[in-house]
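Please have the sequence and the 3D view open as you read.

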Amino acid sequence: MTMPEPHHPKDANAPSPAPFESWGRYPSYDAKITPLHWQTDYQPAIAGLHNGALPVGMGRSYGDSCLLKDGNLLVTTGMNRLLAFDPETGLLTAEAGITLAQILDFAVPRGFFLPVTPGTKYVTLGGAIANDIHGKNHHVAGTFGCHIAQFELVRSDGTRRLCSPTENPDWFAATIGGLGITGFIPWATLRLRPIVSRKIEYEGIQFHGIDEFLDLTTQSQNIEYTVSWVDCASTGKNFARGIFMQGDHSSRPDILKPSPAPKLVFPFEAPGYALNHATVSLFNTLYFHKQIHKRVVALQDYEPFFYPLDKVLHWNRLYGKSGLLQFQYSIPWEHAREGTIAILHEVAKSGIASFLAVLKVFGDIPSPGLMSFPKPGITLALDFPIKPDKSFPLFQRLADMTREFGGRLYPAKDAAMTASQFQTFYPQWQQFARYKDPLLTSSFWERVTGDKLNL
Ligand SMILES: Cc1cc2nc3c(=O)[nH]c(=O)nc-3n(C[C@H](O)[C@H](O)[C@H](O)COP(=O)(O)OP(=O)(O)OC[C@H]3O[C@@H](n4cnc5c(N)ncnc54)[C@H](O)[C@@H]3O)c2cc1C
């Protein structure tokens, strides 16, 4: 198995202060980076630490939930072994640093697929658990945590617990979506789902406005995967136009071969002005009309369907050195329609266009995590280039609107919500804090709770 982008320093035994970037590249902090190669590396790595630690994976979280300013980051990507697989049940046990890409390389040729996948396969098993990630099938499959049979949790005092829905269920619930701070996960068991083909029976449908989007959502309830791209730069008759994308795994048996390695790498830091309202509006118009017909049907490989952005490694460089800010809400049904329309109006009015705007409906399968993000309703994810005088005020307006509409923001994507916003979005945070490991923390947790380590 090959690692796409290891974060390993040259001398693996010497912790060194270095920037470990999150995907948004904002904020940027120095931390001591210690690579873990074996599960047993954890205890020696944290022995005698007083300035806090955080286990991290691929750094695909956008903000600071995978950062710890001036602390210790324990990078798990060297711990990527498969430990067991049962083809009868699809149960796969692996070390937590394995990536979903590596799991797919193993599973697809054997007729299995991930039960839930995010928009990139370059995330680790541990990272997927700690953020209880969701995918295009949330309405029928729930979150990633719904498919975790068990994992081990190691606390900094050396205590170890096997956690499952029936064994230590409170620790199971706290750690799924637990932001990496309830303890270290050395390994986990995931339930894969069977497939007979790499292909997805895809359908793309143009829509105009949120009501058409909601009608399409209602019609597609039995389709496994649904997601929409929405043009959030346009106003007037083109307001909230988009493409509704849906698909099912093909039931026609086909050759199950692993994916080729990606070849394209975004080659340079784009200048800060490359993504502006004009270029994004142009992109949106071209993207909307690239689908000439209102409805397009195709048999598509799963790679472009699930991971179109993974085709170009380091595409975040497109946003230049200052990075990007993600904003992702989930607003419950009661206010989902009006909230989404109001927020899209606010974005269009701001003149800061979002290049990637993803709209989706969350279903009502309960998330197993105490702090899991999804709520039944609508979720919208937006990327903004960082322009300090414009993006942060816009973000705060949108976060306040989300609060007024009874929604919440996603910690995995966040670099800017305030402590008061977080504590309204997640009123259970103090109950969750009882499970926090005394040594573990993140810059996100310190920012939104004011809880600084005092060891
Ligand atoms: C292009 C792109 C698309 C995305 N699409 C989606 C999407 O569709 N849905 C979605 O939900 N998310 C999405 N994400 C976010 C991403 O799935 C999550 O942020 C994920 O958690 C990142 O995993 P990672 O391995 O990079 O972990 P990191 O970002 O390095 O860490 C994430 C968290 O996991 C914790 N952690 C990692 N390993 C361990 C361990 N062994 N023990 C304990 N804690 C640990 C860390 O402390 C941290 O809190 C997307 C991100 C990108 C860049």
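## Before you start

This is a predicted model: local features need pLDDT of at least 70, side-chain atom pairs count only at pLDDT 80 or more, and totals for chains, interfaces and linings use all residues. Residues are numbered from 1 along each chain as its sequence is written. Helices (H or I, at least four residues) and strands (E, at least two) are DSSP runs, numbered from the N terminus.

## An open sheet

Next, look for the open sheet of 5 strands, in the order β5-β6-β10-β8-β9 with antiparallel pairing. Two strands pair if DSSP finds at least two bridges between them. At the edges sit β5 (82–86) and β9 (160–163), each pairing on one side only. From one strand to the next, the twist averages 10°.

Within the sheet, β8 (residues 148–154) and β10 (residues 187–191) are joined by 3 bridges in the antiparallel sense. Q150 stands opposite T189 in β10.

## A covered helix

Is helix α2 (residues 100–107) mostly covered or mostly open? It is mostly covered, with 6 of its 8 residues buried (20 or more other C-beta atoms within 10 Å of the residue's own, C-beta atoms being placed from the backbone). Those buried residues are L100, A101, Q102, I103, L104 and A107. They pack against β6 (91–95), β7 (112–113) and α3, with contact meaning C-beta atoms, placed from the backbone, within 7 Å.

## Two helices side by side

Finally, the axes of α9 (residues 333–350) and α10 (residues 388–404) come within 10 Å and cross at roughly 170°. That makes α9 roughly antiparallel to α10 (over 145 degrees). Axes are lines fitted to C-alpha atoms, for helices over the stretch in contact, and angles run from 0 to 180 degrees between N-to-C directions.

On the α9 side, G339, A342, I343, E346 and S350 meet L394, R397, L398 and M401 of α10. The residues of this contact divide into 5 nonpolar, 2 polar and 2 charged.

Definitions and conventions: Parallel < 35°, antiparallel > 145°, perpendicular 65-115°, else oblique. Contact = placed C-beta atoms within 7 Å. Nonpolar A, V, L, I, M, F, W, Y, C, P; charged D, E, K, R; others polar. Buried ≥ 20, exposed ≤ 12 C-beta atoms within 10 Å, placed from the backbone.
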